[in-house]
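This report describes a single protein chain for a reader who is new to structural description. It begins with the chain as a whole and then turns to individual residues.

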Amino acid sequence: INFALGMIYSTFENTVTIYLMEGTFSPSINGESFPIILPSFINIIGFEETADNSILDGENTWGNWSIIIGNFGYEPYNVFISNFTITGQIANGSNMDGNSVIELFGYQQQDMDNYIHLDRLIIHNNGGHGIRIIRANTLLTNLTVVNNGRNAIKVEGPGNSYLLNSILWNNLTSNWEDGANIWADGLWEHNLYADYTDIDPYVEQ
């Protein structure tokens, strides 16, 4: 996937879509390297209309701190990621500052013409946070984020995120003391709106 991304040039006028084949993308099976670095104006879509057929597997390998990173700076960053499963990310860092399966950074938080859409993803059995959003606008739909070591979703910095028709369940499997299924930095105004979503309560260990 990183090889394909290195061969394209996506722009506002030319959004590029990469369609994944059925199967597992991992270091041992096809030499896939992580993290996958997202450029702006890119769509990555798994095989058929389900998250089960295309799998990104970090194989719990040392160094696979994140599986997908989008760091868009001050540039527009419309991105669509859909239809696959992500597993096998390994934890690192302290309780709250460790990496996430998907890390998204952006700086045009007041401009809702710029957003990242994650749809129909299964994020399970990873060591760190599921999704970390920093100063970015996101639309999160039809997600299943379960059995991960830290928070399901962590938001920091100004921005707006919409969580719809999703399941956040049985995260914090590493029993980190300062976690929750959804964690927001109270020093910044990141608005996270959730609807039609099943979130299990955090029970302090």
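The paragraphs below describe a predicted model.

**The chain as a whole**

The protein chain contains two helices and 18 strands. Of its 205 residues, 51% are buried. The accessible surface comes to about 9500 Å², and carbon and sulfur atoms account for 52% of that area. Among the contacts between residues at least 6 apart in sequence, 71% join residues at least 24 apart.

**The largest nonpolar core**

Which residues touch the most other members of the largest nonpolar core? They are L38, L56, I68, F84, I102, L118 and I153, in a core of 38 residues. Two or more residues of this core come from each of the elements β1 (16–19), β4 (42–45), β7 (79–87), β8 (100–105), β9, β10 and β13 (153–156). Not counting residues up to four places away in sequence, L118 touches I81, I102, L104, I131, L139, L140, T141 and L143.

G130 is placed in strand β10. Is G130 buried or exposed? Its relative accessibility is 0%, so G130 counts as buried. Along the chain, G130 and N151 are 21 residues apart, while their C-alpha atoms are separated by 6.3 Å. When residues up to four places away in sequence are left out, G130 touches S100, V101, I102, I123, V145, N151 and A152.

T138 belongs to strand β11 (residues 138–141). With a relative accessibility of 1%, T138 counts as buried because the limit for a buried residue is under 20%. Beyond residues up to four places away in sequence, T138 touches L104, I116, I133, N160, S161 and Y162.

**Aromatic rings**

A pair of aromatic rings is described by the distance of the centres and the angle of the planes. How many aromatic pairs does a search of the whole structure find? The search finds four, and the table lists two of them.

| Pair | Centre to centre | Angle between planes | Arrangement |
|---|---|---|---|
| F72 and Y77 | 5.3 Å | 20° | stacked |
| Y162 and Y193 | 5.0 Å | 15° | stacked |

Both F72 and Y77 are buried. The rings of Y162 and Y193 form a stacked pair, because their planes stand at 15° and planes under 30 degrees apart count as stacked. This pair links distant parts of the chain: Y162 is in strand β14 (residues 159–164) and Y193 is in strand β17 (residues 190–195), 31 residues apart. Y162 counts as partly exposed at 31% relative accessibility, and Y193 counts as partly exposed at 41%.

An aromatic ring also takes part in another arrangement. The charged end of K154 sits over the ring of W183, at 5.0 Å from the ring centre.

**Backbone geometry in the loops**

Most residues other than glycine have a negative phi, and most peptide bonds are trans. The following residues depart from this pattern. The peptide bond from F34 to P35 is cis, with omega near 5°. P35 is found in the loop between α2 (27–30) and β3 (36–37).

N125 is not a glycine, yet its phi is positive, at about 55°. The loop that holds N125 runs between β9 (116–124) and β10 (129–134). N125 is partly exposed, with a relative accessible area of 42%.

Y196 is likewise not a glycine and has a positive phi of about 50°. Y196 lies in the loop between β17 and β18 (198–199). Its relative accessible area is 69%, so Y196 is exposed.

**T197 and its surroundings**

T197 is also found in the loop between β17 and β18. At 21% relative accessibility, T197 counts as partly exposed. Where does the chain come back to T197 from a distance in sequence? T197 and L164 are 33 residues apart in sequence and 5.9 Å apart in space, C-alpha to C-alpha. Leaving aside neighbours within four places in sequence, T197 is in contact with L163, L164, N165 and S166. The side chain of T197 reaches the backbone nitrogen of N165 at 3.4 Å. A polar atom of the T197 side chain also lies 3.0 Å from the backbone oxygen of D195.

Conventions:
Residues are numbered from 1 along each chain as its sequence is written. This is a predicted model: local features need pLDDT of at least 70, side-chain atom pairs count only at pLDDT 80 or more; totals for chains, interfaces and linings use all residues. Side-chain values use heavy atoms; hydrogens and water are left out. Helices (H or I, at least four residues) and strands (E, at least two) are DSSP runs, numbered from the N terminus. Buried means under 20% relative accessible area, exposed over 50%, partly exposed in between (1.4 Å probe, protein chains only). Contact means heavy atoms within 4.5 Å. Rings of Phe, Tyr and Trp (its six-membered ring) pair if their centres lie within 6.5 Å; planes under 30 degrees apart count as stacked, over 60 as edge-to-face and the rest as tilted. A charge sits over a ring if NZ of Lys or CZ of Arg is within 6 Å of the ring centre and within 35 degrees of the ring normal. Accessible areas come from the Shrake-Rupley method with a 1.4 Å probe; for residues, only the protein chains shown count as cover. A nonpolar core is a set of buried Ala, Val, Leu, Ile, Met, Phe, Trp, Tyr and Cys residues joined through side-chain atoms within 4.5 Å. A polar contact is a pair of N or O atoms within 3.5 Å; within protein, one must be able to donate a hydrogen and the other to accept it, and residues adjacent in sequence count only if both atoms are side-chain atoms.
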